[in-house]
Amino acid sequence: MEKVTIKDIADRLNISPATVSLALNGRPGVNLQTARKVLETAKDLKYTGSRISQKSPANMGTAGFIVCKRYGKVVTDSQFFTALISAVEHAARLKGYTIMLMYCADEAELLNTLKLSENSGLAGLLILGTELSENEIGTLSSINLPTVILDCDIFGSGFDTVTINNEDGIWRGMKYLYDAGHREIGYLRSSFSIRNFEQRFSAFKNFLNRHNLNSGERKIFMLEPTVEGAFQDVCELLRQGIKFPSAIIADNDLIALGAMKAFSQFGIKIPDDVSIVGFDDIPMSSVIEPNLTSVYVSCDSFGAAAVDRLLWRKENPDATATRLSIGTKLNIRSSVIRAV
């Protein structure tokens, strides 16, 4: 019987050999669903050419993953954060670690969870800081474990951070709208403030200034960062007779999807009347009609970088803190049209 190759697996799944290689070796760049299919197919075909046939990594211990949910409006059981948590667990498993998942709703819970973590023999902590408040950031200074903060810039804290390059993402979306001929571009801004949204809004204003499009600053709409909340808010604006510009970009996909739902109810066509760009590129964005053009962030890369940085920090406790920034790309679909 001939030896099974990477190309055999790729042909079976109709994907590239490079994707198969990345999945077999636990590298970022492959979504979790595809990675699982590759691993299952490799076992079915009795592939023996990579670590898939080797023993699983030795149990190296447990790392804590604290999810801070101050609002519960941004960090939710949405597709993006569910994928990010799964990516962290997957990346840790490849390194021989298990993840203890913990949730905190306020500063008191965070403090108690930190104390529990230090007394539980954890190898280190990952903290999803998307909704962290200034006070909670100060609370983190008491941690005596290797720690990496995800999805939140914490200047001067001394912690390693892994964040999204928000400025790059908004710039890509704005440039796409600009190149499509749009000169009056509005912004769907979250009514709940977090660092990510502040950075995205700042990038929006910088683009306007750089391209002499300051009129767009008058077209900023404050909306709840959920599908239903944004839908209700946009409906109210439309009932008030507010006119939206020919193009808009949103703090996240949930806001964009809620706005699209409201526009449809009021007979405003996407993209004929309003072109729209989202951020996060959650799976729902490619399913709705019209499909939403959105800034993509790789949760797999995010999770792998966070785990790698935590294990590096464990071995280098006195090294200077590092900020890692996960890049973006724009997935272009049918929610944008060229301006007349």
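Helices (H or I, at least four residues) and strands (E, at least two) are DSSP runs, numbered from the N terminus. With that in hand, the protein chain comes to eleven helices and twelve strands. What you have here is a predicted model, where local features need pLDDT of at least 70, side-chain atom pairs count only at pLDDT 80 or more, and totals for chains, interfaces and linings use all residues. Residues are numbered from 1 along each chain as its sequence is written, and side-chain values use heavy atoms, with hydrogens and water left out.

Let's start with the overall build. The C-alpha trace of the protein chain spans about 65 × 55 × 35 Å along its principal axes. A compact globule with 340 residues would have a radius of gyration near 20 Å, and the 22 Å of the protein chain agrees with that. That radius is taken over C-alpha atoms, and the globule rule is 2.2 Å times the number of residues to the power 0.38.

Now for the inside. A nonpolar core is a set of buried Ala, Val, Leu, Ile, Met, Phe, Trp, Tyr and Cys residues joined through side-chain atoms within 4.5 Å. The largest one has 74 residues, and L126, L150, L188, F204, F244, F263 and I276 have the most contacts inside it. Apart from it lies another core, of 18 residues, including I137 and C152.

Contact means heavy atoms within 4.5 Å, and the partners below leave out residues up to four places away in sequence.

| Residue | Helix | Relative accessible area | Touches |
|---|---|---|---|
| T113 | α5 (residues 107-118) | 11% | I66, M102 and C104 |
| R200 | α8 (residues 195-210) | 2% | I164, N166, I170, Y187, D251, N252, F279 and D280 |

Finally, a helix pair. Helix α1 (residues 6-13) packs against helix α2 (residues 17-24) at an angle of about 110°, with their axes 8 Å apart. Axes are lines fitted to C-alpha atoms, for helices over the stretch in contact, and angles run from 0 to 180 degrees between N-to-C directions. α1 and α2 are therefore roughly perpendicular to each other (65 to 115 degrees; under 35 is roughly parallel, over 145 roughly antiparallel, the rest oblique). I6, I9 and A10 of α1 meet P17, V20, S21 and L24 of α2.

Technical notes:
Buried means under 20% relative accessible area, exposed over 50%, partly exposed in between (1.4 Å probe, protein chains only).
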